[in-house]
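Trainee: I would like to go through this model with you, starting with its pockets. Shall we bring it up?

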Amino acid sequence: MTGFEGTTAVVTGGATLIGAAIVRAFAEAGAQAVVLDIDEPGGTALASELGESVTFHHVDITDDAALGRVRDALTAGPGKVDALVNLACSYVDDGSKSTRADWRQSLDVNVIGTALVTTTLLPLLTASDRPAVVNFTSISGRVAQAGRWLYPAGKAAVAQLTRSMALDLAADSIRVNSVCPGWTWSAVMDRLSGGNREKTDRVAAPLHPLGRAGDPAEIAAAVLFLCSPAASFVTGADLAVDGGYSAIGPERGEILIPQLAE
Ligand SMILES: NC(=O)c1ccc[n+]([C@@H]2O[C@H](COP(=O)([O-])OP(=O)(O)OC[C@H]3O[C@@H](n4cnc5c(N)ncnc54)[C@H](O)[C@@H]3O)[C@@H](O)[C@H]2O)c1
């Protein structure tokens with residue numbers, strides 16, 4: 001994609017696989033990308049790989065003072081934010097055994113972080129002539145998954161938060177949408193599968209009609225679309241980028257009715 005020349009795109013959690021793919025896509029499309037992440041080595045490596053088009057800020061999105069410093073730096077710099085991608089997430093989740101501290105950590109990053117990064121940067125979004133926010137939901141926020149309570153609850157909340165933001169920020173012409181990925185090749189999958197993409201696709205296949213896990217670049221393409229003028233009348237939407245995961249139910253395309261006659 002092109003057409004992001006002269007724009008500034010802020011990506012929280014931009015240091016890891018999916019986030020970095022989004023940062024790369026913004027840089028390739030001509031944007032100045034700003035990465036906010038707690039992963040210092042990852043963020044620094046990405047910034048040095050992509051050069052002047054990327055700036056890394058070592059920031060914890062649950063730290064209000066740090067977010068205020070980012071807002072001040074951006075105010076003194078470009079003076080506007082055209083695209084904000086709220087991707088940073090916490091996978092802390094011990095299901096029914098989760099402690100109050102676990103709940104607080106999970107919701108602080110996944111839900112409160114999404115809200116407060118946006119409101120902190122609101123004056124800069126308002127200064128843009130094409131402001132767009134993209135939040136991250138998940139298939140995990142639409143269905144129950146064994147042993148997981150915190151992350152799914154947070155992601156479901158982000159879907160609702162996106163609608164609330166879309167309604168209230170429309171007055172400032174700020175569009176707010178979310179992307180809902182299916183299984184996507186990520187740092188966790190890389191680690192758990194020992195870097196085995198083929199095995200990951202095989203395990204993912206029955207859940208996704210397209211028969212594989214998604215690629216970070218495919219998530220990035222959806223994010224850039226939502227931030228582009230091509231999506232100028234799209235707000236409050238939760239865009240599934242999930243290989244058809246949410247189109248199928250527990251029957252998973254199996255033809256079961258004939259079994260009644262067996
Ligand atoms: N991987 C998947 O299959 C999948 C599926 C559905 C949705 N998603 C969503 O996609 C997004 C990316 O997922 P991922 O698997 O690449 O995640 P990840 O854990 O690999 O990356 C998250 C990034 O957020 C950063 N981060 C975490 N806490 C932070 C904080 N307090 N402040 C700043 N940065 C922080 C991490 O350092 C990391 O760089 C998430 O929002 C996730 O919920 C992923």
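Trainee: Which residues line the second largest pocket?

Mentor: The lining of the second largest pocket consists of Ile-139, Arg-142, Val-143, Gln-145, Trp-183, Leu-207, Tyr-245, Ser-246, Ile-248, Gly-249, Pro-250 and Arg-252. Please note that this is a predicted model, in which local features need pLDDT of at least 70 and side-chain atom pairs count only at pLDDT 80 or more, while totals for chains, interfaces and linings use all residues. Residues are numbered from 1 along each chain as its sequence is written, and side-chain values use heavy atoms, with hydrogens and water left out.

Trainee: What counts as a pocket here?

Mentor: On a 1 Å grid over the protein atoms alone, a pocket is an open set of points where a 1.4 Å probe fits, with protein on both sides within 12 Å along at least five of seven lines; lining residues have an atom within 4 Å of a point.

Trainee: What volume does the second largest pocket have, and how does its lining divide by class?

Mentor: Its volume is about 250 Å³, a volume being the space filled by probe spheres set on the grid points, which are joined across faces, edges and corners. The lining has seven nonpolar, three polar and two charged residues. Here Ala, Val, Leu, Ile, Met, Phe, Trp, Tyr, Cys and Pro count as nonpolar, Asp, Glu, Lys and Arg as charged, and the others, Gly among them, as polar.

Trainee: And how much space lies in the largest pocket?

Mentor: About 1300 Å³. Its lining comprises 45 residues, and those nearest the centre are Cys-89, Tyr-91, Tyr-151, Ser-186 and Val-188. Among the elements that give two or more residues to this lining are helix H1 (17-28), strand S2 (32-37) and helix H7 (187-192). Helices (H or I, at least four residues) and strands (E, at least two) are DSSP runs, numbered from the N terminus.

Trainee: Which element gives the largest share of that lining?

Mentor: H7 does, with four residues. By class, the lining of the largest pocket has 23 nonpolar, 15 polar and seven charged residues.

Trainee: Changing topic, how many salt bridges are there?

Mentor: The count is six, where a salt bridge is a side-chain nitrogen of Lys or Arg within 4 Å of a carboxyl oxygen of Asp or Glu. One of them joins Arg-24 to Glu-49, with the closest N and O atoms 3.0 Å apart. Arg-24 lies in helix H1 and Glu-49 in helix H2 (residues 40-50), so the pair ties together parts that are 25 residues apart in sequence.

Trainee: What is the N to O distance between Arg-197 and Asp-215?

Mentor: For that salt bridge the closest N and O atoms are 2.3 Å apart. Arg-197 is in helix H8 and Asp-215 in the loop between H8 and H9, so this pair ties together parts 18 residues apart in sequence.

Trainee: Is Asp-82, the partner of Lys-80, buried or exposed?

Mentor: Asp-82 counts as buried because its relative accessibility is 2%, buried meaning under 20% relative accessible area, exposed over 50%, and partly exposed in between (1.4 Å probe, protein chains only). Lys-80, at 21%, counts as partly exposed. The closest N and O atoms of this salt bridge are 2.7 Å apart.

Trainee: Where is Thr-99 found?

Mentor: Thr-99 is in the loop between strand S4 (83-86) and H4. Its C-alpha atom is separated by 34 Å from that of Leu-46, which is 53 residues away along the chain.
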